Amino acid sequence: MPDRPTVDPIAQEIAQMGASVDSLRAAVRRSGSTLPPLLMSQLRHLGDLMRDAVADIQIRGCSTEQRVLLNAMITSYVPTPLQAYLALPPSHHDEESSATFMFAEQLATLEQTLADLLNQIRIGAVEELSTHGRFLADKFSAQDAALQLQQPVSERDPLRLEGQSWQH
């Protein structure tokens, strides 16, 4: 019986988040005629940030808490109020309605939260790189002198051809 390849549950979770972002972005596009331009712009920007965040965690990784927050934003914190807004009568979809302002404020809060999350993920990557740099510096700073390149005793004049004397 052949061995089954092991499936990384975190990679599956991240892939599912990517698919959910794509679904959310498609739902926003489909709702374009119903949404005021302000909300459409905010939702598209959030979708771009979410896509960036999913790509970042695929490359850099992140903590469980960060993954849970991102997943909640993608699957609940944005789609749930979007569906509630779209379920309102058309008179509430006006650019100046209180429902539009309320939803816009919620989206602004989510955008700031997502920007902070992306920053945390990227700072974590910078810290990891810095830690690795310190490790390498510690590991290789006291290497055996025999492993280091030595400068040649006599420097060759690059303008002088071998075997020819230099003439002015």
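D56 counts as buried in this predicted model, at 9% relative accessibility. Buried means under 20% relative accessible area, exposed means over 50%, and partly exposed lies in between (1.4 Å probe, protein chains only). D56 sits in helix α2. Helices (H or I, at least four residues) and strands (E, at least two) are DSSP runs, numbered from the N terminus. Beyond its neighbours within four places in sequence, D56 is in contact with G61, L118, I121 and R122. Contact means heavy atoms within 4.5 Å.

The model is predicted, so local features need pLDDT of at least 70 and side-chain atom pairs count only at pLDDT 80 or more, while totals for chains, interfaces and linings use all residues. Residues are numbered from 1 along each chain as its sequence is written, and side-chain values use heavy atoms, with hydrogens and water left out.

The chain has five helices and zero strands. Along the sequence the pattern reads α-α-α-α-α. Of the 168 residues of the chain, 27% count as buried. Contacts between residues at least 6 apart in sequence were also examined: 71% of them join residues at least 24 apart.

S63 lies in the loop between α2 and α3. At 27% relative accessibility, S63 counts as partly exposed. The C-alpha atoms of S63 and I121 are separated by 8.4 Å. Along the chain, S63 and I121 are 58 residues apart.

The pairing of α1 and α2 comes next. These two helices pack at an angle of about 165 degrees, with their axes 10 Å apart. Axes are lines fitted to C-alpha atoms, for helices over the stretch in contact, and angles run from 0 to 180 degrees between N-to-C directions. α1 and α2 are therefore roughly antiparallel to each other. Angles under 35 degrees count as roughly parallel, over 145 as roughly antiparallel, 65 to 115 as roughly perpendicular and the rest as oblique. The crossing of α1 and α2 is left-handed. A crossing has this hand if the near helix is turned anticlockwise from the far one by less than a right angle, and is right-handed if clockwise.

On the α1 side, the contact is made by I14, M17, G18, V21, L24, R25, V28 and R29. On the α2 side, M40, L43, R44, G47, D48, M50, R51, V54, I57 and Q58 take part. The residues of this contact divide into 10 nonpolar, three polar and five charged. Ala, Val, Leu, Ile, Met, Phe, Trp, Tyr, Cys and Pro count as nonpolar, Asp, Glu, Lys and Arg as charged, and the others, Gly among them, as polar. R25 lies in helix α1. Residues up to four places away in sequence not counted, R25 touches G47, D48 and R51. R25 and R44 are 7.0 Å apart in space, C-alpha to C-alpha, and 19 residues apart in sequence.

Helix α1 (residues 9–30) also meets helix α3 (residues 64–77), where the axes come within 9 Å and cross at roughly 25 degrees. α1 and α3 are therefore roughly parallel to each other. The crossing of α1 past α3 is left-handed. From α1, the contact takes in I10, E13, I14, M17, S20, V21 and L24. From α3, R67, L70, N71, I74 and T75 contribute. By class, the contact of α1 with α3 has seven nonpolar, three polar and two charged residues.

α3 and α4 pack at an angle of about 15 degrees, with their axes 5 Å apart. That makes α3 roughly parallel to α4. Here M73, I74, T75, S76 and Y77 in α3 meet P79, T80 and P81 in α4. Five residues of this contact are nonpolar, three are polar and none is charged.

The largest nonpolar core holds 30 residues. A nonpolar core is a set of buried Ala, Val, Leu, Ile, Met, Phe, Trp, Tyr and Cys residues joined through side-chain atoms within 4.5 Å. In the largest core, L43, M50, L70 and L114 touch the most other members. α1, α2 (37–60), α3, α4 (79–87) and α5 (98–140) each supply at least two residues of this core. L43 touches V28, L35, V78, L82, F103 and L107, with residues up to four places away in sequence not counted.

F103 is placed in helix α5. F103 is buried, with a relative accessible area of 3%. Neighbours within four places in sequence aside, F103 is in contact with L39, L43, P81, L82 and Y85. The C-alpha atoms of F103 and L82 are separated by 8.0 Å, and the two residues are 21 apart along the chain.
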